[in-house]
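Here is a short briefing on one protein model. Look through the sequence and the 3D view first, then follow the points below.

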Amino acid sequence: MAGLKLKHIYKVYSGGVRAVNDFNLDIKDKSFVVLVGPSGCGKSTTLRMVAGLENITSGQLYIDNNLVNDVESKNRDIAMVFQSYALYPHMTVYQNMGFSLKLRHEKPAIIKEKVLKAAEILEISDLLDRKPKELSGGQRQRVALGRAIVREPNVFLLDEPLSNLDAKLRVQMRTEITKLHEKLQTTFIYVTHDQTEAMTMGDTIVVMNKGFIQQADAPVTLFEDPTNLFVATFLGSPQMNIIECDLVKEGDKYGVKLEGVDSNIVWLKKNTGRQIENSGLDFEKKYLFGIRPDHVKVVEKGIPAHVEAVEQLGDETIIYATIENHKQHIVVKAPLTININSQDDIHLEFLKERVYLFDKDSEYSLIGMPSFNKIPCSLKDNKIVVGSQEVELDEEYVSHILDRAFNEPIFMAIKPEHIELEGNESNRELKAKVEFIEERTNYNIVYVSLEGVNQYLTFRASKERKYNEGDKVSVYLPLDKTYIFDKDDDSLYCREVAYKNTAKAAVSHDKDGNVVISIQGGEKLVYSKEELPDVEDGNYEFVLKQDGCQVVFNKKVAKKMKEKPLTIVNKGKYLTVSCYDEEPQHKTNTVFAKINGFNEYVTFVVENNFSVYKMPKFKIQVPANGFELNKK
Ligand code: ADP
């Protein structure tokens, strides 16, 4: 039995494919975690890194609080079950199941005991003498599971184990695997691309897309509070209806006017209005309105709709309709007893309580739990100023902040689940007032205001913890999970220490009057006297600005990135860099590197289409405004 911690895990395959990005997850002992997402999103890669079958490019993997990045697969105490059962055809079921124990030189009596016990759990005791070819698909899959069980691992890893089975057997094996998890009381990590499989089996579902975790939560939470459009539309069948819309406001009431629906405005309930207000509204912009088919009702009087097709399923009816002149398709889930036929004209109503709204650009949900609380703030010495309050930072924290954060608008960013309700040494208190509360199945969402801040801070509170509107409360931010974002949601708080990029340099003028900067122990940079007019000869501290330089692509990398190679035009304005790590963001990539002559390491920011894994050694162009010279 073991819990796992995946901290900032990245996988970059040779050739620069970023399969997994900044994967963070705490997996509790005995839990059943499912990784789900479309093909190619990085699920198997993640599982294979946990198994030790794939190197971790960066980040840390802990099993039972032990760092296992460099521990060999066979010593990780895990067992993996694959999609292809990979049974040995010439061995019996008994031999297949006992084989790994035999390799470990277990005594025959112990092998027998373990195989028989596993066979009993899986109800395959009567198949032990058969060869794989004499088994059905479901039975083979059970043998594959049996082979894992006999090893009594701390963690079970299952990679699409049911995808070779037919639909009926798949549903049956789903329940069997869930039961097996209960019986074995061990941690399971399960990979599937099938959302129903995920939602019915896992206690935590990790939704992935393009190598990034989109959301990790209990199934009901993913359904009620999807953080973005991807999660909202990936889960749920039929899929959530998404309709482009405009926002409208009348007095203090907010509504959405659906694209193609002239006559009707869907008025939002008061708290929903307050939530979207919180996310910074722009009435000029288009938004995306979302409603699940389950939450559209057929009514006497409402939005006029025309039925295009009707599907009678076993226990419900799916209506495919269009609204307002056939411009917009909408799917409705109705009870089986409803009497509606194709080509009928009907009226629809949306359940106000279950309306979603997404930003069209970022695709973040504007309703419910935000993926991050983004609160405007500023930095002052070793403090973050939030409205009228100040949060003390320690030196360690400050050393991770990029210089840019000190002179541009920034936001404190913290996930709702990382807000703590009790004070301790490592977290920081903010005084707040409860504004309103939204009830969910597993928890309540509490919206609080901070003095002097025009935005709510949102967190989850357990159902037992009662809050009332107007309550004065304290919330606490754990510093290690409080980030600093710029306006584009790029993090200015690095996981690595952000270095100040200093080197000793001597400045002289050559015979043509050019300024020559010789970095001690490193390269020379040459600028014309027009570029650096007032610099005197002498010894200086050279400070390379973190965002003042540009990568010079070589031809090969430029081709891969579909960019023009940056040709060297200004000879003498380049430094050679060797990189050891990077932290890619939405728009930028923070690079940690070595440059000859510089103290320790250097940190600088480049555009995010550049990855050091494509070009670990490269040159940077240093313009005259890309550095400072401080007289020694
Ligand atoms: P999933 O399991 O979600 O289908 P994978 O983890 O298998 O996704 O793959 C994630 C990404 O990594 C894909 O773009 C895939 O093409 C790429 N990839 C997987 N294995 C390798 C490999 N050995 N070398 C290079 N790229 C790989």
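Glu152 is found in the loop between helix H4 (137–149) and strand S7 (155–159). Helices (H or I, at least four residues) and strands (E, at least two) are DSSP runs, numbered from the N terminus. This is a predicted model, where local features need pLDDT of at least 70, side-chain atom pairs count only at pLDDT 80 or more, and totals for chains, interfaces and linings use all residues. Residues are numbered from 1 along each chain as its sequence is written, and side-chain values use heavy atoms, with hydrogens and water left out.

**Backbone**

- Phi of Glu152 is near 45°, a positive value in a residue other than glycine.
- Ser237 and Pro238 are joined by a cis peptide bond, with omega about -5°.
- Pro238 sits in the loop between helix H8 (229–234) and strand S11 (241–250).
- Most residues other than glycine have a negative phi, and most peptide bonds are trans.

**The ligand**

- Which residues surround the ligand? They are Tyr13, Val17, Ala19, Pro38, Ser39, Gly40, Cys41, Gly42, Lys43, Ser44 and Thr45. A residue is near a molecule if one of its heavy atoms lies within 4 Å of it.
- Helix H1 (residues 43–51) gives the largest share of this shell, three residues.
- By class, the shell has five nonpolar, five polar and one charged residues. Ala, Val, Leu, Ile, Met, Phe, Trp, Tyr, Cys and Pro count as nonpolar, Asp, Glu, Lys and Arg as charged, and the others, Gly among them, as polar.
- A polar side-chain atom of Tyr13 lies 3.3 Å from a nitrogen atom of the ligand.
- A polar side-chain atom of Lys43 lies 3.0 Å from an oxygen atom of the ligand.
- For Cys41, a backbone N or O atom lies 3.0 Å from an oxygen atom of the ligand.
- The ligand taken alone exposes 560 Å², and the protein buries 59% of that. Accessible areas come from the Shrake-Rupley method with a 1.4 Å probe.

**Cavity and pocket**

- On a 1 Å grid over the protein atoms alone, a cavity is a set of points where a 1.4 Å probe fits but cannot get out. A pocket is an open set with protein on both sides within 12 Å along at least five of seven lines. Lining residues have an atom within 4 Å of a point.
- Grid points are joined across faces, edges and corners, and a volume is the space filled by probe spheres set on the points.
- The count comes to one cavity of 30 Å³ or more. The largest cavity has a volume of about 40 Å³.
- Leu6, Phe23, Leu25, Ile27, Leu35, Thr46, Val50 and Ile189 line the largest cavity.
- Strand S2 (18–27) and H1 each supply at least two residues of this lining. S2 gives the most, with three.
- The second largest pocket holds about 420 Å³ of space. Of its 21 lining residues, the closest to its centre are Met80, Phe82, Ser100, Arg147 and Arg151.

**Aromatic pairs**

- The structure holds 23 aromatic pairs. Rings of Phe, Tyr and Trp (its six-membered ring) pair if their centres lie within 6.5 Å; planes under 30 degrees apart count as stacked, over 60 as edge-to-face and the rest as tilted.
- Phe372 and Tyr483 form an edge-to-face pair, 6.4 Å centre to centre with 80° between the planes.
- Phe372 lies in the loop between strand S20 (356–359) and strand S21 (373–380), and Tyr483 in strand S29 (residues 483–485), so the pair ties together parts 111 residues apart in sequence.

Technical notes: A polar contact is a pair of N or O atoms within 3.5 Å; within protein, one must be able to donate a hydrogen and the other to accept it, and residues adjacent in sequence count only if both atoms are side-chain atoms.
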